[in-house]
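Please keep the sequence and the 3D view at hand while reading.

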Amino acid sequence: MYSLNGVGTTLYGKRDIEPDGSYIATKWFIFLLLPIFPISSYRVLPNTPKMHFLTQRTNYKRFEKVPFNKKQVINTYSLIYGFIFIIFVLPIIAFNQ
């Protein structure tokens, strides 16, 4: 995964957590850090995140491709764009009435 100035790919989500701490995350194409479209899903087991100057980087002990997780895609879209709607759009609608 790689992004530059908020454009690129990243993992979002944490679903179907196993006892070993691994979980399913979905790789997204992002624009301005917002998920635009999903690419694939993976079962990941993260190492401890490492802090770099103003960034945090996570390496994974395990990273394997799994079948596409539609529930996670719907959940990510709902969460991110629902939040944007409530914070930015709803006040505009409310104050214009």
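## A buried asparagine and its surroundings

Asn69 counts as buried, because its relative accessibility is 9% and the cut-off for buried is under 20%. The model in which this residue is described is a predicted one. Asn69 lies in the loop that runs between strand 7 (60-66) and helix 1, and, when neighbours within four places in sequence are left aside, Asn69 is in contact with Arg15, Asp16, Ile24 and Ser41.

Turning to charged pairs, a search of the whole structure finds one salt bridge. Glu18 and Arg43 form a salt bridge in which the closest N and O atoms are 3.8 Å apart. This pair links distant parts of the chain, since Glu18 sits in the loop between strand 2 (7-15) and strand 3 (23-31), whereas Arg43 belongs to strand 4 (residues 34-46), and the two are 25 residues apart. In general, side chains of opposite charge can pair when their charged atoms come close.

Helix 1, which covers residues 70-95, includes Ile93. Together with Phe83, Phe85, Ile86, Ile87, Phe88, Val89 and Leu90, Ile93 makes a nonpolar surface patch of about 730 Å².

The table gathers the accessibility of the residues discussed.

| Residue | Relative accessible area | Class |
|---|---|---|
| Asn69 | 9% | buried |
| Arg43 | 11% | buried |
| Glu18 | 38% | partly exposed |
| Ile93 | 38% | partly exposed |

Notes. Residues are numbered from 1 along each chain as its sequence is written. This is a predicted model: local features need pLDDT of at least 70, side-chain atom pairs count only at pLDDT 80 or more; totals for chains, interfaces and linings use all residues. Side-chain values use heavy atoms; hydrogens and water are left out. Patches are made of residues with over 30% relative accessible area and no salt bridge: like charges are joined within 9 Å, nonpolar side chains (Val, Leu, Ile, Met, Phe, Trp, Tyr) within 5 Å. Accessible areas come from the Shrake-Rupley method with a 1.4 Å probe; for residues, only the protein chains shown count as cover. A salt bridge is a side-chain nitrogen of Lys or Arg within 4 Å of a carboxyl oxygen of Asp or Glu. Helices (H or I, at least four residues) and strands (E, at least two) are DSSP runs, numbered from the N terminus. Buried means under 20% relative accessible area, exposed over 50%, partly exposed in between (1.4 Å probe, protein chains only). Contact means heavy atoms within 4.5 Å.
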